[in-house]
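Subject: Structure handover

Hello,

I am passing on the structure we spoke about. Please look it over before reading my notes below.

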Amino acid sequence: MNKQHWALASLAVNLIQALFKFLAGLLTGSLSMMGEAVHSLSDSFASVVAFFTIKLSDKKTKKFPYGLYRLENLGAILIAFFLLMTSYEIFRRALGKEVIVKEEYLGLGIGVVVFSLVSSLVLSFLERRAGKKLNSPTLVADSYHTLTDAFGSSLVLLSLLSVYLGYQLDRYFALGVALLISYTAVKILWKEVSVLLDVSVDERTLEKIREVLLSFPEIKEIKGLFVRSSGGKLFADLVLVLEGRDFIRMHRLVDHIEDSLKKELKELDMVFIHYEPTDKEVFKVGILLDEGGNVSQCFESAKELLIFGNPPEKLLVPEESESALSELISSKGLYIVVCGHHPVSSSAKGILSQGGVFVWETEEKNPYRAFKEVIYSLNSKEGNVH
Ligand SMILES: [Zn+2]
């Protein structure tokens, strides 16, 4: 069974309980029973909202590129207000006039609450077990809620049993039910409002992400780790300091980090990994310029080498050959050289690859824009995990 199946199971249990409690509440006149009926009904609403928003949340549009995850949070807030209104109404009635429970339907009432108590306990137990197995904190949290539902039913049971023994204590137990409902409402509000304010995810999830990251020896530092949760989905922004000179290998590494993260954390929807090299000089970029000062179409037509380093340099290019130029590039410790095309001669190619220089082919004519193109691609690597 997956998360949606559990939401359906919980919906079924709550709907049946709501119906039975409502009928039993009408027949016995018990206020605590009525309160519990409304409570079960609002729990059913919560399941319906969760069910539909899980379906809807995957719909990403141009206007809502992150999907509609927050609908679930919004729905939960509405339910919390409904619960608060319910508990206010129960308080008002319980504090108003005496509540008399009719004895003729007592047996039926007791039957209903015992059924509710047992079904909530069983559901809570199964949910917690499945939640641990599916690694779903939402499901585990729901199992605790279902446990408080069982507690609510047991309050009604105590009330009805006391009538059986000749005491009319229902209004006091109704107060207990009202307290329980407002406690649930406040808890929901607190959680959902925090989510809307982009609270960080729990420490356990962060620890799990750190563990995955630290399993990569190339990651020298985690400079930033920002994870927010939205309707059960996670969005992560990472700033990593990576060791390595090879630009292609670094790109592959970042892909690999993404894959590992999504394997460990199924709820992860989007990861943005920004990375920096351990040594800033590693990304020294050179651009070959032609006679006109534009990016040179090929190695042969290059007249100057513009180096974006600290400080920037402009060098005249040796006339003789592609190999001589490649020697110069290697000796300058360049990491990337930008040009229209790769060199033609294989000896030049050999010199460059030995020097760890990557040739970046561009169609850009303006050297500064070509430089921007390189830097932009290097510094951010965005991933959309699906
Ligand atoms: Zn509940």
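The model is predicted: local features need pLDDT of at least 70, side-chain atom pairs count only at pLDDT 80 or more, and totals for chains, interfaces and linings use all residues. Residues are numbered from 1 along each chain as its sequence is written.

Helix α1 (residues 3-28) packs with helix α4 (residues 106-134) at an angle of about 165°, their axes 10 Å apart. Helices are DSSP runs of H or I with at least four residues, and strands are runs of E with at least two, numbered from the N terminus. Axes are lines fitted to C-alpha atoms, for helices over the stretch in contact, and angles run from 0 to 180 degrees between N-to-C directions. α1 and α4 are therefore roughly antiparallel (angles over 145 degrees; under 35 is roughly parallel, 65 to 115 roughly perpendicular, the rest oblique).

The axes of helix α9 (residues 322-331) and helix α10 (residues 346-354) come within 8 Å and cross at roughly 5°. That makes α9 roughly parallel to α10.

There is also an open sheet of five strands, in the order β6-β5-β4-β7-β8, with mixed pairing (two strands pair if DSSP finds at least two bridges between them). Its edge strands, β6 (313-316) and β8 (358-361), each pair on one side only. The twist from one strand to the next averages 25°. Strand β7 (residues 336-339) pairs with β8 in the parallel sense over four bridges. V338 has W360 of β8 as its bridge partner.

Regards
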